[in-house]
Amino acid sequence: MAAPSMTVSHEILSGPPDPATLAQHKQAATLHNEGMALERQGKHADAIKLFKKALEIKLAAMGRTEGTAVTYNALAESQIQLGQLDDALENVQQALAIVNQQGSVNNQAYYRETLGLIYEMKGDLEKARSTRTGSPPDRYLCSYFQCPNPAPQPLGQLSQCSRCKAILYCSTPCRNNDWKRHKKYCRETKAEL
Ligand SMILES: [Zn+2]
Ligand SMILES: [Zn+2]
């Protein structure tokens, strides 16, 4: 009978990764960064391909860690740009499931905003509101994509769209600048925060 193996219980997180795993980490990070560059150039479909490859490697090499959640969310953001909302929804929910268990409060706020945006675009303002304003910890994002102040902040420092109440802004300029996008989805609702 063979001697019991010492490697079976050895998880990646329990010590410094071996060189092969390190190489995978590096490869996945490179793919992710190249995907981000393509996304910034508006090449969403190409970005999606790289994010999916990066994700495959990250899941194999690191499992469901915060670094994997980052790529799930980036993939979802590119899919949103192409209107692939169901795929985007699935991926950002994966990101949130990871960070809600073990992630930073800020990443929880970022991915919650991605999820809120998807619900908004799907026309489900009730879910957009409960996602964006719900669940502690008390950190929330301004929903304007190019907000000059993109750090998560307490809910009390943001104000909601007075008509739909499904979206949060840090300032009047952000609300006004986002209106061109948001007006497609905004409609009167009765709910309060
Ligand atoms: Zn803002
Ligand atoms: Zn609105």
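A crossing of two helices is left-handed if the near helix is turned anticlockwise from the far one by less than a right angle, and right-handed if clockwise. Keep that in mind for two stops on this tour.

This is a predicted model: local features need pLDDT of at least 70, side-chain atom pairs count only at pLDDT 80 or more, and totals for chains, interfaces and linings use all residues. Residues are numbered from 1 along each chain as its sequence is written, and chains are lettered from A and ligands numbered from 1 in the order in which they are written.

**Whole protein.** Show the cartoon. The protein has seven helices and two strands (DSSP runs, H or I of at least four residues for helices, E of at least two for strands, numbered from the N terminus). From the N terminus the order is α-α-α-α-α-α-β-β-α. The C-alpha trace spans about 70 × 35 × 30 Å along its principal axes. Of the 193 residues, 37% count as buried (20 or more other C-beta atoms within 10 Å of their own; exposed means 12 or fewer, partly exposed in between; C-beta atoms are placed from the backbone).

**Select 19–40 and 44–61.** These are H1 and H2, packed at an angle of about 160° with axes 8 Å apart. (Axes are lines fitted to C-alpha atoms, for helices over the stretch in contact; angles run from 0 to 180 degrees between N-to-C directions.) That angle makes H1 roughly antiparallel to H2 (over 145 degrees; under 35 is roughly parallel, 65 to 115 roughly perpendicular, the rest oblique). H1 passes H2 in a left-handed crossing. Now show side chains at the contact (C-beta atoms, placed from the backbone, within 7 Å).

H2 has 18 residues. Which of them are buried? Color Ala47, Ile48, Leu50, Phe51, Ala54, Leu55, Ile57, Lys58 and Ala61. An α-helix has 3.6 residues a turn, so residues three or four places apart point the same way. Just after H2, click Gly63, where phi is positive, about 75°.

**Select 85–102 and 105–121.** Here H4 and H5 pack at about 155°, axes 9 Å apart. They are therefore roughly antiparallel to each other. Their crossing is left-handed. Among the contact residues are Leu89, Val92 and Leu96 of H4, and Tyr111, Leu115 and Ile118 of H5.

Technical notes:
Expected span 1.5 Å × (residues − 1). Contact = placed C-beta atoms within 7 Å.
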